[in-house]
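Me: I would like to learn how to read a model with several chains, one feature at a time. Where do we begin?

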Amino acid sequence: MKRTLAILTTVALILAVLTLPAMAEDHEPVTIRLLTRWTGSDSMAPIFQEIKAAFTEQYPWITIQDDSVNEESAFLNLLNTAIATGDMPNVFVLPTVMMGLEYAKNGLIEEISPLFEDTEWYEGFNDGIFEGFNYSSFGLDGYYAVPYSIGVEGIYYNKALFAQAGIEKVPETMDEMFDAIDKLNAIGVVPFACGADETWRAGHIQNWLTYKTAGVKHTMDIGARTAKWTDPEMVASLQNYMDFKNAGAFSPNYEGMTYEEEKNMFLTGKAAMDVNGTWFIGDCNDSEIAADIGMFALPYYTEHEEFKTDGIVYPQAFSLDGTAEGAEKEAQELFVKFFTSAEWEERRTKEIEVFPVRKDIDISDISEDSLFYQAMDIVNNTTLYSGDTTDYDPVPAMLDMVRNTLIGMSLGQMTPEEAAEAIQNEIDLNS
Amino acid sequence: MKVNRRSRSTILLFLLPALIIYITLAVVPIFESIGFGFSDWNGISGSPMTFVGFKNFVKLFKYPLFRKALANGFWFTVLNLVLQIPLGYMMGYLLAKRRRGSSIVKMICFAPVILPMTASALVFQMIFSANDTGVLNTLLMSLGLIDGPKGWLIQQSTALLFVIIANVWCGFGYHMTISYAAISEIPVEILEAAELDGAKGMRKIKDVVLPSIMESIKISTVMIITGSIKTFDIIFIMTEGGPNGMTQVPGVMMYNEAFKYNHYGLGSAISVVIFVLCIVFSVLSLRLMSGRDEA
Amino acid sequence: MKQMKPRSFFSKNWFYIVFAAMVVICLFPIVFTIVSSFKTTREIFANPFSLPKTWGFENYATAWKVGNMGRYFLNTLFLTGMSLVLLVFVGSMASYVIARFRFKLQPLVLLFFVSGMMIPMQSVIIPLAFNLGQLHVKNSYTVLILLYVAFQLPMTVFIYNGFMVGIPRDLEEAAIIDGCGAKAVYFRLILPLSKPAIVTSSIFNFINIWNNLLFPLVFVNDKNKQVISYGLLQFFSQWKSDYGGVMAAITLSIVPSLILYAILQEKVEAGMMAGALKG
């Protein structure tokens with residue numbers, strides 16, 4: 001009896017030892033690389049850390065290597081080098097839909113529709129949200145990105161400074177906006193914080209003035225090459241930027257100010273307004289003047305009432321490495337599904353008030369008068385939207401071209417007509 | 001046993017490692033880049049490269065930004081020459097008098113030469129910062145020389161100049177040391193003879209010192225010219241060529257076109273231009289120098 | 001006749017005034033950086049010229065941990081060290097043959113190497129990025145080290161050649177009589193004798209490799225493999241608002257060069273000057 005027991009125990013032990021490596025082999029260790037802009041002082045950075053930690057806890061065989069960089073140009077440099085050398089990150093934030101198209105054509109990003117089989121995950125998304133990443137109109141079937149949020153642009157303002165300047169209601173039209181700028185300048189407050197040393201900051205203001213002068217549709221037409229930057233509407237939109245600047249909207253030398261300095265200026269009450277997206281809500285809520293901050297829709301020109309509901313909305317999505325196979329492919333899919341799951345979408349929405357793209361989340365405890373709901377109002381009143389004015393342009397250099405020219409124009413190097421010609425010239429040279 | 005100074009196998013064995021590394025990573029890519037200049041590639045790994053003839057070069061010279069980059073490159077070169085050489089050679093001349101404290105001054109003025117350009121450029125970016133907490137602005141405002149903060153690196157009139165000033169800081173110590181060495185080598189008798197002839201001050205410099213250090217001045221000139229044509233780090237870090245190309249130079253534009261905008265053909269065309277300019281100026285200056293030797 | 005004026009303070013001391021001015025100009029950015037690295041960001045903004053209230057190392061802790069500067073520092077040390085060792089052998093071997101052997105192509109081989117000084121680094125990054133992409137080589141230190149070797153070789157060969165040509169023949173002959181082959185002569189005689197050239201070229205190479213930005217910028221995407229110059233740039237772009245931390249990071253990046261210079265001043269100058277001053 002004793003012997004039988006001993007033999008049995010030995011056999012069991014041997015079996016256990018033999019099966020151990022087999023079990024480990026089920027999940028061979030794999031590393032995935034992520035490339036986002038959520039690092040440093042970015043408001044998404046802390047929760048992103050949490051998500052990564054929770055993910056590796058749940059899937060211990062997957063190691064995450066996070067190559068994220070915060071600054072836009074550094075991020076784009078990294079991504080482009082990765083694309084050129086074929087050294088794709090497994091999961092990365094897709095800069096624009098048009099860039100994704102180029103990657104997709106070359107098989108560099110994964111066609112993600114097989115993921116839809118996980119109906120619990122898939123059906124929780126807002127209806128039609130994936131359609132923005134369906135390139136079938138460009139002759140490519142399938143879906144190439146997984147959205148995790150949208151960025152809605154509006155104007156953040158300091159209620160206390162508005163009251164001090166005697167501005168009774170938030171500007172709805174540009175006439176009212178110019179009036180507000182005058183009143184703010186009269187009491188020595190900078191109307192708009194803008195750190196245009198990072199050109200996207202001026203670029204977002206140009207997006208606003210262009211969409212309200214020429215309309216979103218016009219920028220799409222330029223992308224399709226059925227319209228030009230030198231069209232009178234576009235020149236007028238650049239002229240409007242200059243008028244806006246010349247009305248004293250910015251602080252002197254705003255072209256040399258960084259985004260950090262801009263945020264600091266607005267969040268310490270030195271400037272009354274900031275044109276920014278919903279990604280800025282987190283910074284606002286963390287600031288000392290959180291209670292004074294409100295948000296309103298981008299004002300429109302009364303002579304262009306038809307563009308009143310044109311707006312700026314950035315689709316934000318992940319693309320996945322199309323060259324990954326096996327365990328690596330599985331791991332990157334797991335991560336994206338984990339990140340966009342209802343649980344984390346809900347926490348992101350509640351904690352930093354980024355905009356969700358899922359409907360199966362409970363956000364009832366976000367207060368009605370929060371910036372979140374003010375931004376929700378803006379998006380609900382937007383009928384036609386796009387991100388940057390070059391989002392539909394197939395030439396990747398256009399974004400920088402427009403923004404650099406904008407700064408040059410702002411510094412008095414050229415007139416709006418010349419700026420428009422310089423921008424159009426880039427398109428002509430590349431076609 | 002005996003070393004055979006003609007043994008082919010020994011020669012090859014000793015030369016091969018250097019040759020292989022040098023040829024595969026420097027020589028071949030240079031020729032490749034010329035080929036790239038005549039091709040187009042969309043910058044996406046795995047997609048093919050197509051031959052397009054002179055298209056990139058034609059496009060390049062139509063690009064207003066490239067013309068601006070060439071003009072800036074020209075001014076960058078000229079201003080570095082007229083700032084670094086007089087400053088460096090004046091200091092070298094003064095140091096060669098070997099007064100007390102000379103050696104420590106020499107050591108301090110040379111130190112910037114060995115610092116990483118990344119570090120120096122970042123520090124100067126902060127010093128020249130446009131806001132009222134920028135070091136230069138704080139200093140000038142407290143001295144009452146300017147009313148409000150100035151955008152040294154963003155205004156058309158000053159942007160390139162201030163990058164050049166930072167570059168001079170990084171580089172003049174090198175030329176100071178070259179001139180110091182050259183002046184120190186002038187035989188004392190010659191200087192004394194000149195003084196007996198009544199040559200003093202500026203005349204002594206013009207008649208005696210300058211001719212004996214012409215060779216060094218030429219070396220400095222070549223180094224500054226080729227260095228300026230290739231310049232990348234300082235512009236890339238301080239301004240990235242901005243605002244709107246005000247400080248753009250060919251080196252940074254090449255990087256942007258290739259790695260930012262995926263215009264690899266165009267970027268290669270720029271790199272060919274940079275390479276050709278470097279060769280032309282090096283050969284030209286070497287000619288000038290050897291011509292001098294024969295005279 | 002004019003009366004002799006008492007010489008003004010300036011004309012008597014102009015020499016030292018010029019020196020003092022240059023010392024201030026050259027030293028200020030360095031001292032400013034080092035001093036600021038001990039101040040809080042608030043202190044720097046309040047007065048960029050003041051001394052820190054307390055000399056704390058918090059900024060260094062930030063730069064080291066958050067900015068990952070420690071990692072970058074070690075990476076750069078490894079890369080630079082490996083490149084230097086390789087350069088000593090590859091460079092001196094080639095130079096030995098060029099300087100002391102007789103073969104038809106000898107002058108051409110020397111010219112071939114030395115003319116490499118004219119190749120701008122920028123001109124090779126696009127083809128190399130393309131080639132390495134085709135070969136699926138990514139973030140490779142081997143490639144980076146070999147690249148540094150390739151680009152430092154022209155100067156290294158130039159320095160070694162200049163030195164080795166001057167080694168007296170009889171020394172070598174004596175070794176040969178002792179029965180040494182070419183390899184033994186190189187290892188036992190030429191290499192030890194070339195110590196001054198090794199020092200000079202290694203210093204030159206150290207400064208250039210330590211300070212290089214372009215190659216890692218293009219060929220290293222992996223954050224953990226990044227080097228100090230690019231890491232510094234990344235840290236700066238992400239933590240612009242943390243002036244103190246940035247200053248600490250910059251200080252960390254300049255310290256090795258400054259220490260090297262402080263110890264070996266003459267040799268560092270000679271190394272840097274090797275290209276400009278012959279003999």
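Reply: We begin with the spacing of two domains. In this predicted model, the centres of domain 1 of chain A and domain 2 of chain A, taken over C-alpha atoms, are separated by 29 Å.

Me: Which residues make up domain 1 and domain 2 of chain A?

Reply: Domain 1 of chain A takes in 29-149 + 314-352, and domain 2 takes in 151-312 + 381-429.

Me: How many residues of domain 1 of chain A are in contact with domain 2 of chain A?

Reply: A contact is counted when two C-beta atoms lie within 7 Å. On that count, 11 residues of domain 1 of chain A meet 14 residues of domain 2 of chain A. On the domain 1 side, helix H4 (97-105) and strand E8 (310-320) of chain A are the elements that give two or more residues. H4(A) gives the most to that side, with three residues. By residue class, the domain 1 side divides into six nonpolar, four polar and one charged.

Me: How many helices and strands does chain A have, and what box do its C-alpha atoms fill?

Reply: Chain A has 17 helices and nine strands. Along the principal axes, its C-alpha atoms fill a box of roughly 100 × 50 × 35 Å. Of its 431 residues, 49% count as buried. Among contacts in chain A between residues at least 6 apart in sequence, 78% join residues at least 24 apart.

Me: Where in chain A is confidence lowest, and where is it highest?

Reply: Start with the chain as a whole: the mean pLDDT of chain A is 89, and 94% of its residues reach 70 or more. Confidence is lowest in helix H1 (residues 2-26) of chain A, where the mean is 59. Strand E5 (residues 190-192) of chain A has the highest value, 97.

Me: Now the backbone angles. What is the general idea with phi?

Reply: Most residues other than glycine have a negative phi.

Me: What is phi of A:Asn253, and is A:Asn253 buried or exposed?

Reply: A:Asn253 is not a glycine, yet its phi is positive, about 60°. This residue is found in the loop between helix H10 (232-246) and helix H11 (259-267) of chain A. The cut-off for burial is 20 or more other C-beta atoms within 10 Å. A:Asn253 has 22 of them, so it is buried.

Me: And where does B:Glu240 lie?

Reply: B:Glu240 lies in the loop between helix H10 (233-238) and H11 of chain B. Its phi is near 55°, a positive value in a residue other than glycine. B:Glu240 counts as partly exposed because it has 19 C-beta neighbours inside 10 Å.

Me: How do I read the contact between chain A and chain B?

Reply: Take the residue counts, then the elements, then the residue classes. Here 28 residues from chain A and 26 residues from chain B take part. On the chain B side, helix H2 (55-62) and helix H11 (250-260) of chain B are the elements that give two or more residues. That side divides into 10 nonpolar, 13 polar and three charged residues.

Me: How many residues of chain C are in contact with chain B?

Reply: 68 residues of chain C are in contact with 69 residues of chain B. Helix H1 (residues 9-36) of chain C supplies the largest share of the chain C side, 11 residues. The chain C side divides into 53 nonpolar, 13 polar and two charged residues.

Me: What span should helix H10 of chain C have, and how many of its residues are buried?

Reply: Helix H10 (residues 195-211) of chain C has 17 residues, which at 1.5 Å a residue should span 24 Å. Its end C-alpha atoms are 24 Å apart, in agreement with that. H10(C) is mostly covered, with 13 of its 17 residues buried.

Note on methods: Residues are numbered from 1 along each chain as its sequence is written. Chains are lettered from A and ligands numbered from 1 in the order in which they are written. This is a predicted model: local features need pLDDT of at least 70, side-chain atom pairs count only at pLDDT 80 or more; totals for chains, interfaces and linings use all residues. Helices (H or I, at least four residues) and strands (E, at least two) are DSSP runs, numbered from the N terminus. Ala, Val, Leu, Ile, Met, Phe, Trp, Tyr, Cys and Pro count as nonpolar, Asp, Glu, Lys and Arg as charged, and the others, Gly among them, as polar. pLDDT is the predictor's confidence in each residue, from 0 to 100. The expected span of a helix is 1.5 Å times one less than its number of residues. A residue is buried if 20 or more other C-beta atoms lie within 10 Å of its own, exposed if 12 or fewer, and partly exposed in between; C-beta atoms are placed from the backbone. Domain bounds come from an automatic or database domain assignment.
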